[in-house]
Amino acid sequence: LWHTHHRSLVRLAALLTGDNGSAETVVLDSFVALHRLHRCGLARNDALRTLRRLVVAISRRAGHAARRR
């Protein structure tokens, strides 16, 4: 998943956060969260869809945190 989708996920996160550095962090955090979910029994078929949802959710949280500062 990393090699195939990393760039597109960073672009998505950058659009949502407005910052390339934050986008990289969001994608890394999303892969870590996906790994945790996978250990809990997530089916591999759902991995990319779940990863995209995680990127969106974590990007939103990053945006909210930045606006609070």
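A residue is called buried when its relative accessible area is under 20%, exposed when that area is over 50%, and partly exposed in between (1.4 Å probe, protein chains only). The model examined here is predicted, so local features need pLDDT of at least 70 and side-chain atom pairs count only at pLDDT 80 or more, while totals for chains, interfaces and linings use all residues. Residues are numbered from 1 along each chain as its sequence is written, and side-chain values use heavy atoms, with hydrogens and water left out.

His6 counts as buried because its relative accessible area is 16%. Leaving aside residues up to four places away in sequence, His6 touches Leu1, Glu24 and Val27, where contact means heavy atoms within 4.5 Å.

Helix 2 comes next. Its 20 residues reach 29 Å from the first C-alpha to the last, close to the 28 Å expected at 1.5 Å a residue; the expected span is 1.5 Å times one less than the number of residues. Buried in helix 2 are Ala23, Val26, Val27, Ser30, Phe31, Ala33 and Leu34. They cover an arc of only 170 degrees around the axis, which puts them on the same side of helix 2; the arc is that of the directions from the helix axis to the C-beta atoms. The face turned away from this buried side carries the exposed residues Arg36 and Arg39. Following helix 2 is Gly41, with a positive phi near 110 degrees.

How are the two rings of the aromatic pair formed by Trp2 and Phe31 arranged? Rings of Phe, Tyr and Trp (its six-membered ring) pair if their centres lie within 6.5 Å, and planes under 30 degrees apart count as stacked, over 60 as edge-to-face and the rest as tilted. The count by this rule is 1 aromatic pair. Trp2 and Phe31 are edge-to-face, at 5.0 Å centre to centre and with 65 degrees between the planes. Trp2 lies in helix 1 and Phe31 in helix 2, so the pair ties together parts that are 29 residues apart in sequence.

Finally, the structure holds 1 salt bridge, meaning a side-chain nitrogen of Lys or Arg within 4 Å of a carboxyl oxygen of Asp or Glu. Arg49 forms a salt bridge with Asp46, and their closest N and O atoms are 2.5 Å apart. Arg49 is partly exposed at 45% relative accessibility, and Asp46 is partly exposed at 26%.

Key. Helices (H or I, at least four residues) and strands (E, at least two) are DSSP runs, numbered from the N terminus.
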